[in-house]
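Please view the sequence and the model together while reading.

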Protein chains: 2
Amino acid sequence: MDEMIIYGKNSVIEALESGNREFNKILISNNSHSDTKIEQIKVLSKQRGIVFQFVAKEKLNLLVPEGRHQGVVAQIAPIKYVELEDFIEEYKGENAPVVILDGVEDSHNVGAIIRSCVCAGIKGIILPSRRGALVNSTVEKTSAGATSHISIIKTNSLVNAIQKLKENDWWVIASDHHAEQNHYEIDYTDMNFALIMGAEHAGISKSLLKLSDFKVKIPMLTKFNSLNVSNAAAIIMFEYVTQVAKKRENKLR
Amino acid sequence: MDEMIIYGKNSVIEALESGNREFNKILISNNSHSDTKIEQIKVLSKQRGIVFQFVAKEKLNLLVPEGRHQGVVAQIAPIKYVELEDFIEEYKGENAPVVILDGVEDSHNVGAIIRSCVCAGIKGIILPSRRGALVNSTVEKTSAGATSHISIIKTNSLVNAIQKLKENDWWVIASDHHAEQNHYEIDYTDMNFALIMGAEHAGISKSLLKLSDFKVKIPMLTKFNSLNVSNAAAIIMFEYVTQVAKKRENKLR
């Protein structure tokens, strides 16, 4: 089968627990001290009938540079990208917030954004097939296993994808530091939204900005206006989470 | 002089503009296409009387692995850490929010946190001399030059540092996912605060939790509870920014 690797204890445990990744084999360093996480990996592998094998640390070093594997590397099938049409069909009639990355090239940022997305209850993330990082081993690792808990949609045309979302009643929000409205001035709980985050330097393409229903900026308390894109994404997503949490509390009262 | 390097166009420009970093020399690749940023670096260097020199790209590759220098490497004096006593003295009588990192080891995270701190108007960041990353080239690069815009305090004892802050009327807030209170339930604008962020896996040490006046958690909309520490820090800091911005708007009305 077509194959990729994931590495690090937490990433492997997350992928095993999610149950929606096809494993080929798990390699465990025979020099590593066995700890509760390694034990957990063995137990989960046995439950799912996945082969694990002890190998010399040097073999793992060949697969993952700089020895960042923490003694565990899993050979798995590449992530299954979801078709946008299927995603829309799956969530018909319920709110399914989406994040769209327009040309975010740094794999660490893409991984961190996917991780925050899952924490924030975002249901799908849309990546362009060109102009941006797709899901590679670095993304998997930085996401801490979150790639297994969200629909990852790959598209040849972000314009088409956004138009399709709009036709299906998603509201499109662009994060743009030229915007007039602050990110906290929108009620995210009142709509099904798709949040576009732009490339680290270039920002969001004009063609996508034109399609947006709202443009929001994150206010700064200094002139140094240069948030990392994964931090900016987290700030907006968790404004949404805060609004949801506050609404729930009010209902409980 | 004792020396370190910073690299990348934006980092070098930020350091030149801030005016508080001592430069030895700037190396510019003679293979790189000159663009507005390279031109800006030349102009700023001339203004400040700093020598720049054109060298082969290969020479830069020896200084910065993986060719991430974007054609510019600057040799500068290491960052000047600020003494906590001097920091407290400098900000006597005004609010000066502080972020404290308890054992955050990943340099990318430390750099991204410093970057968000500056955007959020945080005045100081406290790093432990041991158990955590100090300011190295990766931190400088990931911070996008933000290290020149904030007081960076290094301490042998976070416990002592926190006690000193408390004696001087800072309120201590710990980010702890076991906390009962949500991060948005605190009024950050009403006090001078020091926010402690813990290590990626271990969280905040018990001795520091004990010293905290507030413990706050970031609510999640799923069971996947695993925010990256720099994203978690950004979410809490920008809750503070949002509160400040809302208060200012209300005053204007």
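Predicted model: local features only at pLDDT ≥ 70, side-chain atom pairs only at ≥ 80, totals over all residues.

Residues are numbered from 1 along each chain as its sequence is written, and chains are lettered from A and ligands numbered from 1 in the order in which they are written.

**Contact between the chains**
- Chain B places 32 residues in contact (C-beta atoms, placed from the backbone, within 7 Å) with 32 residues of chain A.
- On the side of chain B that touches chain A, α5 (107–119) and α9 (229–252) of chain B are the elements that give two or more residues; helices here are DSSP runs of H or I with at least four residues, numbered from the N terminus.
- The largest share of that side, nine residues, comes from α9(B).

**Nonpolar cores**
- A nonpolar core is a set of buried Ala, Val, Leu, Ile, Met, Phe, Trp, Tyr and Cys residues joined through C-beta atoms within 7 Å; a residue is buried if 20 or more other C-beta atoms lie within 10 Å of its own.
- The largest nonpolar core has 118 residues, and V99(A), I125(A), A194(A), V99(B) and I125(B) have the most contacts inside it.
- A second, separate core of 17 residues includes I6(B), Y7(B), F23(B) and I76(B).

**Helix α5(B)**
- Because 13 of the 13 residues of α5(B) are buried, this helix is largely enclosed by the rest of the structure.
- Just after α5(B), G121(B) has a positive phi of about 75°.

Terms used:
Contact = placed C-beta atoms within 7 Å. Buried ≥ 20, exposed ≤ 12 C-beta atoms within 10 Å, placed from the backbone.
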